[in-house]
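Subject: Structure handover

Dear colleague,

Below is the structure I said I would pass on. My notes on it follow.

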Amino acid sequence: MKRIGVITGGGDAAGMNAALRAVVRTATQEGAEVVGIRKGWQGLAEGTTVKLHPRAVSGILHRGGTILQTFRYPEFATAEGAVPVERTLEKLKLDGMVIIGGDGSFRGGTKLEKEFGIPVVGVPATIDNDIPGTDISIGFDTALNIAIDAVDKVKDTATSHGRIFVIEVMGRHYGLLAAQTAVATGAEEVLVPEIPYDMDDLCRNISKGYKRGKEHAIIIVAEGAGKASYVSYEIKERLKRSVRMVVLGHVQRGGSPSGYDRILASRLGHRATEMLLDGQHGVMVGVVANKFKTSSLDKKTKAPAKAVLRDVGLMETLV
């Protein structure tokens with residue numbers, strides 16, 4: 001392969017730039033030209049590209065987000081929306097593509113393979129860590145540490161005022177970020193999309209904690225399990241206690257990637273490019289038990305959040 005493309009798709013995740021840097025440096029060392037698709041999947045439809053070389057990706061290892069940007073393009077799922085993408089691909093004459101992103105981006109990659117004949121290798125990058133075939137995805141460690149730091153700070157205030165705090169973290173369909181944040185911060189309760197919960201039981205558990213002498217209560221809520229505003233209101237109405245709400249939101253996506261994410265992204269970006277140049281495609285490269293593992297691009301979302309909570313004895317408070 002002499003000319004490959006690289007795209008960052010879906011939600012941004014800290015470490016995407018590190019993966020991009022690894023792709024460019026690896027491909028260049030092997031004599032291949034690299035074309036960056038700017039603005040994600042929308043950019044692929046618009047033909048917005050930039051030539052990438054080692055100097056172009058110098059100094060981005062520590063930067064959050066993605067220098068290529070990432071815009072969604074849901075029209076790609078339709079026949080009409082695929083037409084401009086086909087035109088761009090004909091113009092670029094790519095021999096293959098590395099896709100850095102999550103589940104939606106890999107569905108797009110599968111379509112590139114099956115309908116347009118473009119060899120694709122995927123690199124998992126999402127703060128939700130909901131991609132099968134890898135123990136951890138790029139960006140999850142950074143997002144987790146951001147959430148932990150925020151909760152630790154809130155806990156100081158919660159203790160000082162004896163208050164209940166409901167803290168909402170990201171996770172629309174998958175609660176692993178919330179679950180691990182709760183475990184790492186010693187939160188009293190955690191609500192995740194995968195596990196039904198009863199508000200009366202939740203409030204009883206909080207009351208029991210206060211009776212045992214606790215001076216605060218921290219409830220972590222994944223956004224897909226119910227909005228923090230609703231949970232806060234219900235707790236306040238039932239317990240008649242002061243409740244405060246914190247929504248971390250997109251602050252979890254930004255910022256400089258952790259050392260772990262920088263190394264993970266560099267390893268995966270390098271390996272994915274090697275595989276593509278070696279003729280392997282239609283797969284994602286992940287890390288399982290600290291070893292590279294390849295899997296199909298079109299696997300379904302995994303859901304181990306229940307197991308994480310069960311392992312630390314939190315399940316019985318949520319069922």
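Which residues have the most contacts inside the largest nonpolar core? They are Val6, Leu20, Val98, Ile100 and Ile138, in a core of 41 residues. Please keep in mind throughout that this is a predicted model.

Core

At least two residues of this core come from each of β1 (3-8), α1 (16-29), β4 (96-101), β5 (120-124), α5 (140-161), α6 (176-185), α9 (259-277) and β10 (283-288). The helix α1 gives the most, with seven residues. To take one member, Val98 touches Gly5, Val6, Ile7, Val23, Val121, Val123, Ala272, Thr273 and Leu276, leaving aside residues up to four places away in sequence. There is also a second, separate core of 22 residues, which includes Leu44, Tyr73, Val85 and Met284.

Sheet

Four strands form an open sheet in the order β7-β8-β6-β9, with parallel pairing. Its edge strands, β7 and β9 (243-247), each pair on one side only. From one strand to the next the twist averages 20 degrees. Strand β6 (residues 164-169) pairs with β8 in the parallel sense, over six bridges. Within this pairing, Glu168 has Val221 of β8 as its bridge partner. Helix α5 packs on the sheet, where it touches β6, β8 and β9. The direction of α5 makes about 165 degrees with that of β6.

Salt bridges

Side chains of opposite charge can pair when their charged atoms come close. The structure holds 12 salt bridges, and I looked at some of them.

- Arg107 and Asp103: the side chains meet at 2.4 Å, N to O. Both residues lie in helix α4 (residues 103-116), four residues apart, or about one turn of the helix. Arg107 counts as exposed because its relative accessibility is 53%, where the cut-off is over 50%.
- Asp149 and Lys153: the closest N and O atoms of this salt bridge are 2.7 Å apart. About one helical turn separates the two, because they are four residues apart in helix α5. Asp149 is partly exposed, with a relative accessible area of 41%.
- Glu188 and Lys214: these side chains form a salt bridge at 2.9 Å, N to O. Glu188 lies in the loop between α6 and β7 (189-191), and Lys214 in the loop between α7 (199-211) and β8 (217-222), so the pair ties together parts that are 26 residues apart in sequence. Lys214 is partly exposed, with a relative accessible area of 31%.
- Asp200, Glu234 and Arg238: a network of salt bridges links these residues.

A lysine in a loop

Is Lys39 buried or exposed? Lys39 counts as buried because its relative accessibility is 19%, and the cut-off for buried is under 20%. Lys39 is placed in the loop between β2 (33-37) and α2 (40-46). Leaving out residues up to four places away in sequence, Lys39 touches Glu46, Thr48, Leu68, Gln69, Thr70 and Phe71.

Regards

Definitions and conventions
Residues are numbered from 1 along each chain as its sequence is written. This is a predicted model: local features need pLDDT of at least 70, side-chain atom pairs count only at pLDDT 80 or more; totals for chains, interfaces and linings use all residues. Side-chain values use heavy atoms; hydrogens and water are left out. A nonpolar core is a set of buried Ala, Val, Leu, Ile, Met, Phe, Trp, Tyr and Cys residues joined through side-chain atoms within 4.5 Å. Buried means under 20% relative accessible area, exposed over 50%, partly exposed in between (1.4 Å probe, protein chains only). Contact means heavy atoms within 4.5 Å. A salt bridge is a side-chain nitrogen of Lys or Arg within 4 Å of a carboxyl oxygen of Asp or Glu. Two strands pair if DSSP finds at least two bridges between them. Axes are lines fitted to C-alpha atoms, for helices over the stretch in contact, and angles run from 0 to 180 degrees between N-to-C directions.
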